[in-house]
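Open the model in your viewer and keep the selection tool at hand. The stops below go from the sheet to the ring contacts.

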Amino acid sequence: MAIRKPTAPTAKSAFFGDFLAGQAAVKEFKSGSIIEGTVSAVKGSDVFVDIGYKSEGTVDLAEFGDAEVKPGLTFQVKLIDLEDDKTGMVRLSKRAADEQIRWQQVLERYTEGCVVTGTIRTKVNGGLIVDIDGVEAFLPGSQVDVSVGRDRDRDLTPYIGQTYDFKVIKISNERKNIIVSRRELIQAANDEKKEALLASLQKDEVREGTVKNITDFGAFIDLDGIDGLLHITDMSWGRIKHPSELLKVGDKINVKVLDVDREKERISLGLKQTMPNPWDTIAEQFPVDARVTGKVVNLAPSGAFVEIAPGIEGLVHISEFSWTKRISKPEEMLKQGDEVQVQVLSVDPETQKIALGIRQTMENPWDTAQDRYPVGSRQTGTVRNFTAYGAFVQLEDSIDGMIHISDMSWTRKITRPEECLKKGQKVETIVLDVDAKQRRISLGLKQAQTDPWTEIVSKYQVGSLVKGKVSKIASFGAFIELEDGVDGLVHISQISDQRIEKVRDVLKEGDEVEARVVKVDRGERRIGLSIRAVNMTEDEIKALEAESVETETAPASTTTQGSEQLGSLGAAFDALSVEWQPGEDK
């Protein structure tokens, strides 16, 4: 931006000379005229001045300041009043004439947009007063400096007494005042400097800058006249959460120019690019299977990020935390700042990713699980947790075994593990299978006990009466708990001589009932009961026993139909082979 400096004033410039000549030629004696006068006498505080009028005029001696005043002194005066109301004399003013002449000189010398030099004299409301060749100009507070324009509460006192260049931004002839700006000159100079610097910047060059401002996403760096953005991702090869971890306002740093957009005046800078990239030699520095000590710098749902060298982080996936524990959240094992030993599992310099493992630095207990828990061995453990299909039993701190619900009881159909086990309960089990690869140990609870069915068959003869308590109700009947923890089933058709729609209409859990044994199947481990058969005759009981013997000894094609009057009670239970199989295999 070109700014014109005013030309040096001359003693008798054309404009000013014409002005005075015109005033002298006219000699119009009217208020407001500028007239040449000569001192005729000085009396007290009054200076008598001859202006060529019929009577002399007076000027207050104080208007001359420190100047020597004596008869014969010639100067310009302003005609205030041809006849003063009090003295009847012409009233004149040297000060008013000086001010008017000076203002005319201002209009001649300065124009809006020109640059002038002045000294700041005092502070007034809203800004400062600047003395420009004896003329007072107003400098608004917002125009003092670039920074002051953004901070209106800033103290302007330090500027008093300072001499600067100013730009004339407005001249008001009516108000006889001048408004100047220092900020516009500074801004113009900065713009020129910025434009030149922007044109000179080259991609990949390194420049020194000053940290001007810090934000959550990066820092603005002053490159001596233009600001560039240093994004947080370009500050360090390692992880940082906030730019303030590395930088503070006022720091001098070397940055690399990553990109220059001259049209939008945007500059992208990099700090880490001025330093060697540790990923270039990562494969040699951290080969696969190497064990190193690192620091946990961040926890995520997928695992933990561990810094193993400045600027180098690897991920320990949650599945690589432990050989035996099921870790659902990294916080269960680690916290930020922990020092841990890890093993390098894989390195990908191109994507800058390193996979690490913690469990690989420890012995895998599953490698020797088959030796410590051989199939068929008897093991004692603590019930740790339940699932819908079984119970987890802790054998040691890092090894659990599973008891499936089908391996919990010889005599009862277990649908929920809570029916026979409690958390924290100590149990004795038999190892049924060990799969080290899948990290599974199958345990049996019933296998650690004697199979009671050898005695059950002889104890519960078909036709005998038994007493028990309703332990469970199903849609097809009711389970009756007999002695020794054995369950028998009363089919819905054998509860009453009357037709029953719902078992719960007749029976409820905890009811004590008497029933007759109508079927004993050792192979299927089932006992069939009938409440309606309690009042059978001896002939009917003998017929039932005969049917039972024929069913167990004769081929299916030659089995007798049995007693017709009993309604083939055993057949009712044969239909339940799918619905009810106590102790069924998995």
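Start with the closed barrel: 5 strands in the order β1-β2-β3-β5-β4, with mixed pairing. Strands pair here if DSSP finds at least two bridges between them. Strands (E, at least two residues) and helices (H or I, at least four) are DSSP runs, numbered from the N terminus. Averaged over the sheet and ignoring direction, neighbouring strands are turned by 55 degrees against each other. Axes are lines fitted to C-alpha atoms, for helices over the stretch in contact; angles run from 0 to 180 degrees between N-to-C directions.

This is a predicted model, in which local features need pLDDT of at least 70 and side-chain atom pairs count only at pLDDT 80 or more, while totals for chains, interfaces and linings use all residues. Numbering starts from 1 along each chain as its sequence is written, and side-chain values use heavy atoms, with hydrogens and water left out.

Next, select residues 57–60 and 90–93. These are β3 and β5, paired in the parallel sense over 2 bridges. Which residue of β5 is the bridge partner of T58? Pick R91.

Now show residues 94–109. This is helix α2, which lies across β1 (34–43), β3, β4 (74–81) and β5. Contact means heavy atoms within 4.5 Å. Against β4, α2 runs at about 105 degrees.

Switch to the rings. Phe, Tyr and Trp rings (for Trp, the six-membered one) pair if their centres lie within 6.5 Å; planes under 30 degrees apart are stacked, over 60 edge-to-face, the rest tilted. The count is 6 aromatic pairs. Select F64 and F75: an edge-to-face pair, 5.1 Å centre to centre, with 90 degrees between the planes. F64 sits in the loop between β3 and β4 and F75 in strand β4, so the pair ties together parts 11 residues apart in sequence.

Buried or exposed? Buried means under 20% relative accessible area, exposed over 50%, partly exposed in between (1.4 Å probe, protein chains only). F64 is buried at 7%, and F75 is buried at 9%.

Move to F217 and F220. Their ring centres are 6.4 Å apart and their planes at 85 degrees, so this pair is edge-to-face. F217 is partly exposed at 41%; F220 is partly exposed at 28%.

Then select Y159, Y164 and F166. Ring pairs link them into a cluster.

Last stop: charges over rings (NZ of Lys or CZ of Arg within 6 Å of the ring centre and within 35 degrees of the ring normal). The charged end of K446 sits over W410, 4.8 Å from the ring centre. That of K472 sits over F479, 5.9 Å from the ring centre.
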